[in-house]
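I opened my notebook to look up a few things in a structure that is new to me.

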Amino acid sequence: MKHIYSILILLLVIGCTKDFEEINTNTNDPVTVQPSLLLRQVIYDYGEQMSYEGFTAGNLLGQYSTALDFNLFDRHDLKSPQLGGNPWPIFYQNLRDNEIILNLSQENTAYTVYEGPARIMKACMAAGLTDLFGDVPYSKAFQGDTETVTPSYDTQESIYMDAGGIFDNLDKGILAIQNYSGTIALEGDILFNGDLDGWIRFANSLKIKYLMRVSDKVEVAPQLQTLVAEGNFIDENSKNAIFNFTDGEPNSFRLAQLRVGDFNNYVLSETMDDILTNLNDPRFARLYQPFANSTDGGYNGLLNGIDASAGVSLADYSLLGTIFRENTGLLDANFMTSMETHFLLAEATQKGLISADTETLYNTGVTHAFEYWQVALPDDYLTADAALTNGDPLENIITQKWIANSINGYEGWIEYRRTGFPELKTISASLNNDLIPVRMPYPAEEEALNNANYTEASNNTDGNSINVAVWWDE
């Protein structure tokens, strides 16, 4: 009787569980996300958050603007992020989501079209990450839903140069697009609306950018010359890798969504004031506002890194332009642009890395920068104050690129570290011994959650010092 009872129980269990998987599968909750939705999310989230980060913390490091309050970061205590200053989780969340897209593109032939864009986005975001921090978790870090909890750190050189690195992913991304013969369209693409040729141009412009970034470390001239000869890069504003913000929520620039006190925390820097004044540059009116106490509609900048206890009057300094709050529909999140590409090529020509006309490239970069910021270019701007030969040509090229990158302040700071231009000022009340930082510090959560690997990386940077140069800057 005991054995018969056991058999009945077994049969009941089998009968109850026969269709268990089918019964308990929620058809409205798919186990895998559509790559189109994830691509849209990655592009938007990374672009939106890094535009905000670049315009708050990045613009302080690059000395585009000055913080009146909550300004430990502006005084170069970079371990005290306030209104921005912690881009680490932005990079890692989006790189992990992007890795899911890449994996899906290789596992399912229906998603093959996503491989090229996913590789190009991986290269773009990885470069942004390592250019800020130096050595970072990379090869073991982006495993989607099976990510390593405590990934080891890769050297910046390997992140750029090795298989699976930045240049390799750009090459493989371009090849994947060129080899794609399917009929399924790329969806979720808010940069190029599914135009795969746009992604190739984007990748080639990124190649130019990153080749120049490592040009003091490796031979880049042949690759640059090939790219110039082929001419398949972003060469006009209509081909820019951008998406537009709107005037209203939820897709307005984030400064427009903050309380006015946060917006009013940022004013024109003395560095930008001097540069635009010396150039008689009309972009003043687009990027900043006349200060309230001005009697002639003029602009006034404040030296970065003030001691907040000193007290300053907001009415004596120029606020940021209305394009960053009231009129954000005129503003873009930009990943790569024609203006930046032309400035990079002008620099390459000036340094003898490629054969082309420096002045033509420079003038095109300036012209496209004025178009990008929707400001009329004065007839004599490129023949007088901003002429390439008015002073040091290389300084003029980098300075114009610095101005143009006013929403990408981290880029301005990175290029200053690489080139020394434009000449940034010694800040007012430095918490870093009057030194301009040359890298971002690893965040506190990394020390807590990935301690062994963090400790090794910290030891390699003199205790996570912000004054230890990254590989391409050594």
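**Entry 1: a pair across the chain.** I began with Asp274, which is partly exposed because its relative accessibility is 31%. This is a predicted model, so I kept that in mind throughout. Asp274 forms a salt bridge with Lys425, and their closest N and O atoms are 2.9 Å apart. Asp274 sits in helix α11 (residues 270-278) and Lys425 in the loop between α16 and α17 (444-449), so the pair ties together parts that are 151 residues apart in sequence. I also checked Lys425, and at a relative accessible area of 23% this residue is partly exposed.

Entry 2: How many salt bridges does the structure hold? I found 20. One of them joins Arg213 to Glu415, with 3.1 Å between the closest N and O atoms. Here helix α8 supplies Arg213 and helix α16 supplies Glu415, 202 residues apart. Are these two buried or exposed? Arg213 is buried because its relative accessible area is 2%, and Glu415 is buried too, at 5%.

I then turned to Glu347 and Arg418, whose salt bridge has its closest N and O atoms 2.7 Å apart. Glu347 belongs to helix α13 (residues 338-350) and Arg418 to helix α16, with 71 residues separating them. Both residues are buried. I was pleased to see Arg213, Glu415, Glu347 and Arg418 together in a network of salt bridges that also includes Asp131 and Lys209.

Entry 3: I counted 3 cavities of 30 Å³ or more. Which of its 25 lining residues are closest to the centre? They are Tyr46, Met50, Asn334, Asn408 and Glu411. Among the elements that give two or more residues to this lining are α3 (35-61), β6 and α16 (409-419). By class I noted 13 nonpolar, 7 polar and 5 charged residues.

The second largest cavity holds about 60 Å³ of space. Its lining includes Ala57, Phe70, Asp74 and Tyr266, and the classes come to 7 nonpolar, 4 polar and 1 charged.

**Entry 4: strand β6.** I went back to β6 (residues 332-336), where 5 of 5 residues are buried. Strand β4 (residues 241-244) runs antiparallel to β6 and is joined to it by 4 bridges. For Asn244, the bridge partner in β6 is Asp332.

**Entry 5: a serine in a loop.** My last stop was Ser294, in the loop between α12 (284-287) and β6. Ser294 counts as buried because its relative accessibility is 16%, under the 20% cut-off. Its side chain makes a polar contact of 2.9 Å with the side chain of Asp296.

Terms used
Residues are numbered from 1 along each chain as its sequence is written. This is a predicted model: local features need pLDDT of at least 70, side-chain atom pairs count only at pLDDT 80 or more; totals for chains, interfaces and linings use all residues. Side-chain values use heavy atoms; hydrogens and water are left out. Buried means under 20% relative accessible area, exposed over 50%, partly exposed in between (1.4 Å probe, protein chains only). Two strands pair if DSSP finds at least two bridges between them. On a 1 Å grid over the protein atoms alone, a cavity is a set of points where a 1.4 Å probe fits but cannot get out, and a pocket is an open set with protein on both sides within 12 Å along at least five of seven lines; lining residues have an atom within 4 Å of a point. Grid points are joined across faces, edges and corners, and a volume is the space filled by probe spheres set on the points. Ala, Val, Leu, Ile, Met, Phe, Trp, Tyr, Cys and Pro count as nonpolar, Asp, Glu, Lys and Arg as charged, and the others, Gly among them, as polar. A polar contact is a pair of N or O atoms within 3.5 Å; within protein, one must be able to donate a hydrogen and the other to accept it, and residues adjacent in sequence count only if both atoms are side-chain atoms. A salt bridge is a side-chain nitrogen of Lys or Arg within 4 Å of a carboxyl oxygen of Asp or Glu.
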